[in-house]
Amino acid sequence: MATKSSKSTTVKGADSRIADNKKAFFNYAIEERFEAGMVLEGWEVKALREGKVQLTDGYVVIREGELFLIGCQINPLNTASSHISPDAVRTKKLLLHKEQIRRLIGKIEQKGFTLVPLNLHWKNGKVKCDMALAKGKAEHDKRDTIKDREGKREVERAMKSRQR
């Protein structure tokens, strides 16, 4: 008689999302997207596999020609090793080609852009961070976004009731 194991094994696709920053699309006008690797510790990777991450308060800064993700909170698991003191809001280094970083530095300094993390995802067994070169939206732009979203919902409701 075969017994099922208590752990369920899920097959992850080539690209599977870990966390999304939904506020980024509301607060910023996205101009250009980039994908960067992340330098993580072992306990952070384990916590990411469990989905213990919050990306909404995160932002990206450039220091001395390197990119860093600040404000991304990865909560440690209860089973974290006792000889490590995990820091949930540790600054994480992002990996990008030098030429791309130079381009980003130029745009951020000249045109008033900012770098915003959009999501974290798995790619070929490694954690990647999608970030965007973005400009902050004004308050009236945010109201327009809400108005458009509500208008689309009403149209969808009308189409759905018409099909019945």
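Buried means under 20% relative accessible area, exposed means over 50%, and partly exposed lies in between, all with a 1.4 Å probe and protein chains only. Arginine 49 is partly exposed, with a relative accessible area of 46%.

This is a predicted model, in which local features need pLDDT of at least 70, side-chain atom pairs count only at pLDDT 80 or more, and totals for chains, interfaces and linings use all residues. Residues are numbered from 1 along each chain as its sequence is written, and side-chain values use heavy atoms, with hydrogens and water left out.

**Strands and pairing**

Helices (H or I, at least four residues) and strands (E, at least two) are DSSP runs numbered from the N terminus. Two strands pair if DSSP finds at least two bridges between them. Strand E2, residues 28-38, pairs with E9 in the antiparallel sense over nine bridges. Within E9, alanine 134 stands opposite isoleucine 30. E8 and E9 pair in the antiparallel sense, over nine bridges. Lysine 123 has lysine 126 in E9 as its bridge partner.

**Positive phi in two loops**

Most residues other than glycine have a negative phi. Glutamate 64 has a positive phi of about 50° although it is not a glycine. It is found in the loop between strand E4 (59-63) and strand E5 (66-70). Asparagine 124 also has a positive phi, near 55°, and is not a glycine. This residue lies in the loop between strand E8 (114-123) and strand E9 (126-136). The hairpin of E8 and E9 has two residues between the strands, and asparagine 124 takes its positive phi there. Glutamate 64 is exposed, with a relative accessible area of 84%, and asparagine 124 is exposed at 67%.

**Nonpolar cores**

A nonpolar core is a set of buried Ala, Val, Leu, Ile, Met, Phe, Trp, Tyr and Cys residues joined through side-chain atoms within 4.5 Å. The largest has 27 residues, of which Leu48, Val53, Leu67, Leu94, Leu104, Leu120 and Met131 touch the most other members. At least two residues of this core come from each of strand E1 (15-20), E2, H2, E5, helix H3 (98-111), E8 and E9. E9 gives the most to this core, with four residues. A second, separate core has five residues, including Ala24, Val116, Leu118 and Ala134.

Contact means heavy atoms within 4.5 Å. Not counting residues up to four places away in sequence, leucine 120 touches Arg17, Ile18, Ala19, Met38, Leu48, Val53, Leu55, Cys72, Lys128 and Cys129.

**Cysteines**

A disulfide is a pair of cysteine sulfur atoms within 2.5 Å. By this rule the count is zero disulfides. For cysteine 129, the closest cysteine sulfur is in turn that of cysteine 72. Cysteine 72 is buried at 0% relative accessibility, and cysteine 129 is buried at 0% as well.

Asparagine 119 is placed in strand E8 and counts as buried at 2% relative accessibility. Its side chain is joined to that of histidine 121 by a polar contact of 3.1 Å. A polar contact is a pair of N or O atoms within 3.5 Å; within protein, one must be able to donate a hydrogen and the other to accept it, and residues adjacent in sequence count only if both atoms are side-chain atoms. Leaving aside neighbours within four places in sequence, asparagine 119 is in contact with Arg17, Ala19, Asp20, Arg33, Leu55, Lys128, Cys129 and Asp130.

Isoleucine 62 lies in strand E4 and is partly exposed, at 27% relative accessibility. With neighbours within four places in sequence left aside, isoleucine 62 is in contact with Leu67, Leu104, Ile105, Ile108 and Leu115. Arginine 49 lies in helix H2, residues 42-49.

| Residue pair | Separation along the chain | C-alpha distance |
|---|---|---|
| Arginine 49 and isoleucine 18 | 31 residues | 7.6 Å |
| Isoleucine 62 and lysine 93 | 31 residues | 9.9 Å |
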